[in-house]
Every structure is written in C-alpha cells, then in structure tokens.
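Here are my notes on this one, as numbered points. Have the viewer open while you read.

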Amino acid sequence: MRLQEVIEELVEERGIDKTKLASIVCEGMLAAYKKKYPDLNLQIEVDKQSGELAPLIEKEVVATVEDDDMQVSLKKARYLNTGVAVGDKVWLPFGGTIGRIEILRARQVIASRIRKVEADAIYSEFKPREGEIVMGVIHKCERSGIVIKLGDAQAFLPKSLCTVNDKCAVGFSIRALLKEVLTEPRNDNQLI
C-alpha cells in the first residue's frame, strides 16, 4: 500500500485535512530518521510524482570532501544542480535506512499528532455548546458512569452526576447537560 493510499484512507476515516495529515506523516518520519541519525540535518518531503516519502540531507559544497556525511564535492553537486558554487548548502537525496525501532518512534509521533488534531477538532466543535443540553445515544455502561455517543464524539456522564431515575441501557437515547469541554482528553474522555 502506497503512502498516498494510506493518507486517503485516513482522510476518509478520520476527517482530517489531507495536507495536514501529510505534514504529520512527514514529521513522524523525520523523528524516526533523527533518532537514528541525530547529527545530520535532514528533512522529509513527499515526492509529487511517486507519492512516496523522500528523505533529504543538507550538505555543504566543497572542492575536496573530508566528511561524506556533511559535505559533497563540487562535481557531484553540479551534476544534480548546475548553479551551485563552493560554500553553498544543497539538499540531496539521503540514502540512509531506518529500522524497526525507528519506525515505532515514527508511529508514536504520528499517532500522538493525529490524536491532538482530533482533540482540537472536538474542542472547537463543542466548546460553544458548553452549558447546553445535548442529545446522545448510550454507548457503554461502566461502573464509574455512562459513555454517550454525540455524533462522532464520545462524552462521559459520571455516576455522581446521574439522577436516581437514569437507567443505563445501551442504544437508548439520553439528554444531558454538556458541563465541561476539556482541551485534551482525560481518561479517554474530552466531553463531560
């Protein structure tokens, strides 16, 4: 599965902006490369033709190369870009690879950024409705309270705020006061 297909699937599934999601994926992969190569100046771009990620490294153009990681010869730099001179900085394709541990790091960064974007979207959608009575469907009954589905979002109704008459039956509709909208989820709940 190609990167563009994964991004399209996430855009469809989560409703996140495509360019924002692409930048999150690039940021995650950059974190993975930085973990393995902390001393190098790297950046990640999406190749427009193939749709794949292209890691780039910044190197200084010199007459004689002393450090392969930080420098490139004038002849090689002119082969890729004719308008460079000695002392210029150029971005070149990076051939280094990353392993399983670095991929896990990228996955963590991507997942946390996606959760942050989703939390911001829920906050901006429900913050103006704070203090209103909302209608939802009971999703799950827990010992500490009731999880309610409000469209695509979930809210939590603590047992301490329930009335004696409130019965927890999954699938039934319920009306409740939206007491608080948190900026970030606390115990998987952002809406109280």
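**Notes on the predicted model**

1. Let me start with a single side chain: glutamate 132 has a relative accessible area of 38%, so it counts as partly exposed. Its salt-bridge partner is arginine 129, with 3.9 Å from N to O. That distance falls inside the 4 Å cut-off, so the pair is counted as a salt bridge. Arginine 129 is partly exposed as well, at 32% relative accessible area. Keep in mind throughout that this is a predicted model.

2. A neighbouring stretch of sequence gives another pair. Glutamate 130 and lysine 127 join their side chains in a salt bridge, 2.9 Å from N to O. Glutamate 130 comes out as partly exposed, with 30% relative accessible area. Lysine 127 is also partly exposed, at 32%.

3. Now for helix H4, which covers residues 100-126. Here the side chains of lysine 116 and aspartate 120 form a salt bridge, with an N to O distance of 3.3 Å. Why are these two about one helical turn apart? Because they sit 4 residues from each other in helix H4. As for accessibility, aspartate 120 is partly exposed at 36%, and lysine 116 is partly exposed at 40%. As a general point, side chains of opposite charge can pair when their charged atoms come close.

4. How many salt bridges does a search of the whole structure find? The total is 5. Among them are the pair of glutamate 132 with arginine 129, the pair of glutamate 130 with lysine 127 and the pair of aspartate 120 with lysine 116.

5. Two further residues of helix H4 are worth a click. Is arginine 115 buried or exposed? With a relative accessible area of 52%, arginine 115 is exposed, and its place is in helix H4. Valine 117, also found in helix H4, is buried, with a relative accessible area of 18%. The cut-off for buried is under 20%, so valine 117 falls within that class.

6. Both residues also give us C-alpha distances to other parts of the chain. Arginine 115 and glutamate 184 are 69 residues apart along the chain, and 9.2 Å separates their C-alpha atoms. For valine 117 and glutamine 154, 37 residues apart along the chain, the C-alpha separation is 16 Å.

7. Next, the charged surface. Which residues form the negative surface patch? They are Asp39, Glu66, Asp67, Asp68 and Asp69. Glutamate 66 lies in the loop that runs between strand E2 (53-62) and strand E3 (71-73). Its relative accessibility is 73%, so glutamate 66 counts as exposed.

8. Stepping back to the fold, the chain has 4 helices and 10 strands. Read from the N terminus, the order of elements is α-α-β-β-β-α-β-α-β-β-β-β-β-β.

9. Last, the overall dimensions. The radius of gyration of the chain is 25 Å, whereas a compact globule of 192 residues would have one near 16 Å. The C-alpha trace spans about 80 × 30 × 30 Å along its principal axes. On burial, 33% of the chain's 192 residues count as buried.

Key
Residues are numbered from 1 along each chain as its sequence is written. This is a predicted model: local features need pLDDT of at least 70, side-chain atom pairs count only at pLDDT 80 or more; totals for chains, interfaces and linings use all residues. Side-chain values use heavy atoms; hydrogens and water are left out. Patches are made of residues with over 30% relative accessible area and no salt bridge: like charges are joined within 9 Å, nonpolar side chains (Val, Leu, Ile, Met, Phe, Trp, Tyr) within 5 Å. Accessible areas come from the Shrake-Rupley method with a 1.4 Å probe; for residues, only the protein chains shown count as cover. Lys and Arg count as positive and Asp and Glu as negative; His and the chain ends are not counted. The place of a charge is taken as NZ of Lys, CZ of Arg, CG of Asp or CD of Glu. Buried means under 20% relative accessible area, exposed over 50%, partly exposed in between (1.4 Å probe, protein chains only). The radius of gyration is taken over C-alpha atoms; the globule rule is 2.2 Å times the number of residues to the power 0.38.
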